[in-house]
Amino acid sequence: MSERHSKESHKMPVVDSAKPRFWKPDTAGPGLSKISEEKNVSAELGDNSVPNIIYNPFKNLSIEQQRQKLPVFQYRNHILYLVEKYQTLIIIGETGCGKSTQIPQYFLEAGWATEGYVIGVTQPRRVAAVTVATRVAEERGAILGDEIGYLIRFNECCDSEKTRVKFMTDGIMIREIMKDPLLQKYSIILLDEAHERAINTDVILGLLRKIQKKRKDLRLIVASATLNAEEMKNFFNKNKTDDPEKDTAAILTIEGREYPVDVHYSLDPVPNYIKAAVECVLKIHFNERPGDIIVFLTGMGEVEDVVSQLIIEARKLKKEEMKMKVLPMHGSLPANEQMKVFERTSQHVRKIVVATNIAEASVTIPGISYVIDTGFVKLKAYNPTSGIESLVTVPISQASADQRAGRAGRVRAGKAYRLYTEESYEKLSPSTVPEMQRCDLGPVILQLKALGVSNILRFHFLSPPPAKNMIRGLELLYALGALDSAGNLTSPLGLQMAEFPLSPQFSKMLLSSGEFGCSEEAIIICAMSQIQNIFVTPSDKKMAVERERRKFSVLEGDHLTLVNVYKSFIKFGQSSRWCHEHCLNYKGLNRATEITNQLGRLLTKLNIQIVSCEDKTETLCKCILSGFFVNAARLGYTGEYRTIRDDHCLHIHPTSVLACEEPPLWVVFNEVIQTKKDYMKDITVIQPEWLSEIASHFYQFGTERELAAKRTKLK
């Protein structure tokens, strides 16, 4: 979505200097009298008799007529012609043009899914794959899971015989290539939202480039709202001459709906964007016309904080005032909870969606007219020197800012409020750094090796990763035993690790659990680690939640605490009431049971017996260490933890069960979260001699006497 500004000049109402103040470019600067500003606002809002917003102007038309109203419809024949002529088609479609839902249907109607072929469509996120599949099935009058289906991690809704269009996440697409290296059952692959440059998207692009050399009949569509189309075309174009007639890739640009979006900037830098976002929502609610609001924040914690604050404000509204329906949206929510944001509200209720960047692209939330952009996003960042991958809050790119603003222009003219100055916007980077260049490459290398790519360094990446990241990824896999000294996958360990839809560390832990006799608990830890925030923390019950958490806590750390929570949940009949009493995430725990069952079936398939270690906690801790020995740290004399290999400074996260205990001397952890400090999350207490026992190939140790002396010194 390109930035659009209304030609009309108007001002926001005067507000307290402590609150965010906005101005719209191309208008006079601030300083008008309050009276004149109020007149402008009154003129903008119009008469009180203005009817409520109609979210879908074509809702009274038939589905077919609605489809024909979309901008992409007039390009239908162009798309079908270009797909016949070229192997690869890059489609740049502005936000709201209908490319995600319509283009797969055009191919289906044109016969690209006959004779047993399937049309594959990838999305970067689960919620987008599910919602787009649901909409397409609705438009075709089909049952979801028959002709139109979806496939996401730990959830399948498709039929191997009936499904002709399959929506999936890009990670699942890689799994499909593992099962069928030449994608023999697919006629067309559509990569949607490619501009996000997720790591799996970049891997798929490189793999499809190789597959197309073997399969001349396979067609690839790369669809995006903002993308360097020429770079993508050159990547796939096999014509090395100056003759355009021999090109194998083409570009098509589709215009979106022309709904203007007024962009307002903060006059001054905002010291606290959480507080400013809440105040901005209330200001819009009381001063602007009806229309739903979306607020973009960085993570689940911020989302829940703002949601709780807005719910408190919503309860203060008088009966005659328009109500507020506040809904969170983030990747950790169960699918049915995420779907609530798509439900329509009554005309006297304003929907307020508080979201992470999961709502930035792919999905259209009905009725959104106002966007509040805090200007930050949480991204993965990898430090190859320390070997630590962490989540870091950073300013968004200009492309992301435009995408966010575009949410307000999908169904009607809207407004975007940026909680930063226009000068700050101009200083933002044009686009987000591709994930391939800022993440741990261990999982990528493992996947590529499993796909038969022996020389990773010569693999065609659209954006080649840094050499240090590549070396560190190879070292990790070698240390885990997935690769041999020649860089080839080991058998059976390396091949089996590649089969799990988990990180290499979790895969290694699961595969080692049979030897340690704790496979049941290892499965539970893996499943529970996929669910964020097992404990629900309402803002007014923080002390109660902490008391409930202590009931499940154990001195061995967070992983064993998760096992306690899960086993108690099963013991009490998976009761929602029990979860409510103990401040637990009922839906998250139900999701964990589904993942547990699927991982159990995978282990059984690999002939690993599912057994419990009962009360042998030391055995389970050693099993955890077998996968995460790289992430070992020890307590220093300063009270800070230092990673053993790289001497990187870390701290225990406040949500850890060990945060309130006497700090243990030696620990291993799952991940690092970076805020004001680098915090370890999901921690288990270990003994130093276990490192020499389990990871002697990775760590060098002296004599037992030297170890004892070091422990005495630390104490």
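1. Salt bridges come up 31 times in a search of the whole structure, a salt bridge being a side-chain nitrogen of Lys or Arg within 4 Å of a carboxyl oxygen of Asp or Glu. Please keep in mind that this is a predicted model, where local features need pLDDT of at least 70 and side-chain atom pairs count only at pLDDT 80 or more, while totals for chains, interfaces and linings use all residues. Numbering runs from 1 along each chain as its sequence is written, and side-chain values use heavy atoms, without hydrogens and water.

2. Have a look at Glu139 and Arg67, a salt bridge whose closest N and O atoms are 3.8 Å apart. The pair links distant parts of the chain, with Glu139 in helix H5 (residues 126-139) and Arg67 in helix H2 (residues 63-69), 72 residues apart; helices are DSSP runs of H or I with at least four residues, strands are E runs of at least two, and both are numbered from the N terminus. Glu139 is buried at 12% relative accessible area, and Arg67 is buried at 5% (buried is under 20%, exposed over 50%, partly exposed in between; 1.4 Å probe, protein chains only).

3. Both residues also belong to a network of salt bridges, whose members include Glu64, Arg76, Arg135 and Glu147.

4. Arg418 and Asp402 meet in a salt bridge at 3.3 Å, N to O. Arg418 sits in strand S17 (residues 414-418) and Asp402 in helix H12 (residues 398-406); Arg418 and Asp402 are buried.

5. For Glu661 and Arg550, the closest N and O atoms of the salt bridge are 2.8 Å apart. Glu661 is partly exposed, at 28%, and Arg550 likewise counts as partly exposed, at 36%.
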